[in-house]
Amino acid sequence: MSDPTPTAQRSGVSVHFRAVTKEYGAQRALNGLDLEIKPGEFVALLGPSGCGKTTALRSLAGLESVTSGELLIDGEDVTRVPVNRRDLGMVFQSYSLFPNLNVIENVEFGLRTRKVPAAERTARAQEMLERVGLGDFAERYAHQLSGGQQQRVALARALVTRPRVLLLDEPLSALDAKVRTQLRDEIRRIQLDLGITTVFVTHDQEEALAVADRIAVMNAGKIDQIGTPEELYRRPETGFVANFIGQSTLLTALVHEGRIALLGREIDLTEPLPEGALARVRVRPENLALESFEHGEGEPGRVVTSSFLGSLRRTTVHLDSGLSIVVQHSAEDTPEVDQQVRVRLLQDVVTAHVD
Amino acid sequence: MSTVKTLGSARRVRASHSLAPRRPFATTVLVVIGLLFALPLIAMVEFSLRTTTGHGLEHWTGLFDPANEFRYRPLFGGLVESLTLALIAIAIVILMLLPTTLLVRLRFPKLVRVLEFITVIPIAIPAIALVVGLAPVFGASIRIINSGTVVLGLIYGILVLPFAARALDASIRAVDVPTLVEAARSLGASWPRVFVRILLPVLRRGIVAASFISIAVVLGEYTIASLLNRQNLQVAIVSISRSDPYVAVIFSLLALAFVTVLLAVIGRIATPKRKVFDV
């Protein structure tokens with residue numbers, strides 16, 4: 001089998017998943033997945049374990065064969081193309097550096113398979129190492145690097161071949177919180193610099209919200225909703241998405257004359273619902289205020305727990321109506337457990353739906 | 001000082017409640033077992049040094065005396081035969097067992113238990129039963145291949161499976177082979193390149209260990225070769241012991257020393273020399 005030919009530096013290409021299905025025996029990991037990624041776009045596949053996001057990425061990489069459907073890269077059908085001929089760069093969750101090769105040899109590996117001349121190979125590998133901030137680590141081996149450094153080398157190795165698409169399979173999961181944030185931002189910076197189409201698999205909504213142009217929230221082998229981080233956060237279209245993205249409390253209220261009564265207030269609906277229907281509304285902690293029991297407004301309740309999160313605080317209140325609700329407020333306010341308080345809705349308009 | 005005393009007594013209290021055996025008992029066990037192993041060896045060395053007038057190196061130096069060449073020729077022939085058999089067994093391990101183990105690990109992980117079971121069969125079947133089953137195959141194979149050494153080598157390839165398979169499996173388990181293969185493939189490498197550039201170097205320790213264990217097993221094998229009328233090292237040693245027991249003991253000691261050195265080398269290779277920089 002011959003190795004792929006060298007590819008020129010280019011900006012991103014489009015990626016299409018067309019009705020892709022993947023079955024493992026009786027189990028269906030991908031259920032007619034449709035997804036269109038624009039050239040140069042950074043798309044995150046987000047979802048809980050077992051939703052099919054990694055299977056989707058591995059199918060695109062060619063590491064899994066699909067049961068039916070088509071995979072197109074830059075308009076070319078790659079569904080049956082073997083992994084080593086798809087011209088993609090991939091970073092894995094486990095660092096996956098070749099332990100028998102040092103850093104520069106690892107980065108040069110993909111260039112060797114493409115038969116790039118030695119001088120150009122070394123120059124490109126060194127340049128990519130500089131780009132990820134590891135120019136001085138060329139002679140080290142994987143076991144001499146920290147987890148974050150190993151993942152940077154893996155990123156350089158994936159990018160040095162100038163692949164058509166960059167695939168990131170939970171590359172930050174094994175790192176500690178601080179390094180994760182640093183590397184996350186670095187990945188985004190490099191992606192923007194190179195303009196490479198990127199598919200990023202993660203189960204961490206914060207990661208996805210922070211770096212992606214668009215997020216595809218996956219559930220049971222297909223996409224529940226795809227949109228910008230703001231769209232998904234502010235206007236979730238399904239209960240699953242609303243529940244998965246950010247924290248929220250589900251409230252119910254009767255629709256009366258196009259409005260609903262919520263936490264002691266009359267609230268308008270963004271879209272009309274049938275008169276007398278039982279509307280379901282998801283309220284985020286930042287859309288609520290904690291007020292004094294004696295002088296404040298809103299529904300009364302008692303504090304159950306209160307967590308300090310640095311610049312702010314999240315307090316769970318058990319309302320007198322029997323519901324528990326999470327309120328986000330300033331860290332200056334320090335409610336005590338069992339203290340009587342009131343919870344007020346800050347919004348005048350909410351998005352509700354009827355099941 | 002009182003603090004030191006307190007810590008010391010605390011340590012003693014912990015030691016007394018520990019599940020580990022007490023030091024004198026552990027030492028006694030070690031000494032007894034050590035003697036059990038050492039006494040026959042010491043006796044062999046002493047026996048090999050016996051001369052008509054006392055003790056000396058007469059029998060050891062006699063090995064290199066050209067006058068004894070004809071007498072000892074079967075021994076050296078047996079040694080060459082055993083080393084050839086070991087090479088054939090190693091070839092089977094590297095060319096058949098290694099690819100099979102990798103294939104099962106990478107493509108058919110559900111068959112891991114089946115492979116483990118198959119590789120352990122040779123150790124579960126007594127040598128005599130193995131020979132009874134293999135004798136007709138051996139006879140028929142010699143007519144086809146026309147080399148008793150090659151056919152016995154193939155049998156030894158089966159015999160070393162339990163040991164070699166475990167050495168290979170341990171090295172495959174020690175690294176994330178599936179991800180390394182996927183990483184190499186995603187970087188454009190063909191399967192032969194993945195095997196030569198990544199798998200062989202990464203699994204080097206396991207391959208070397210499996211090879212050395214194969215040599216050790218083959219050098220010590222007597223039953224099958226004897227029952228199939230082949231003259232390997234052990235058969236030659238037993239044969240010559242009837243006429244010259246001193247040389248038989250010397251060769252046994254040398255074979256034992258060789259295997260001990262091999263195992264020590266495996267130990268060194270298997271111990272990772274990792275210097276971790278936490279940067």
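The model is a predicted one, in which local features need pLDDT of at least 70 and side-chain atom pairs count only at pLDDT 80 or more, while totals for chains, interfaces and linings use all residues. Residues are numbered from 1 along each chain as its sequence is written, chains are lettered from A and ligands numbered from 1 in the order in which they are written, and side-chain values use heavy atoms, with hydrogens and water left out.

Chain A is taken up at helix α1, residues 53-61. Helices here are DSSP runs of H or I with at least four residues, strands are runs of E with at least two, and both are numbered from the N terminus. Eight of the nine residues of α1(A) are buried, so the helix is mostly covered (buried means under 20% relative accessible area, exposed over 50%, partly exposed in between, with a 1.4 Å probe and protein chains only). Among the buried ones are A:K53 and A:R58, along with A:L57 and A:L60. Just past the helix, A:G62 has a positive phi of about 95°.

Chain A also holds an open sheet of six strands, in the order β6-β7-β8-β3-β9-β10 and with mixed pairing. Two strands pair if DSSP finds at least two bridges between them. The edges belong to β6 (88-91) and β10 (222-227) of chain A; each has a single partner strand, so one side of each lacks a neighbour in the sheet. On average, neighbouring strands are turned by 20° against each other, direction ignored. Within the sheet, β7 (residues 165-169) and β8 (residues 197-202) of chain A run parallel and share five bridges.

Now for chain B, which has 14 helices and two strands. Of its 279 residues, 37% count as buried. Helix α4 (residues 69-106) and helix α8 (residues 161-174) of chain B have axes that come within 10 Å and cross at roughly 50°. Axes are lines fitted to C-alpha atoms, for helices over the stretch in contact, and angles run from 0 to 180 degrees between N-to-C directions. Residues in contact (heavy atoms within 4.5 Å) include B:L97, B:T101 and B:R105 of α4(B), and B:A165, B:L168 and B:D169 of α8(B).
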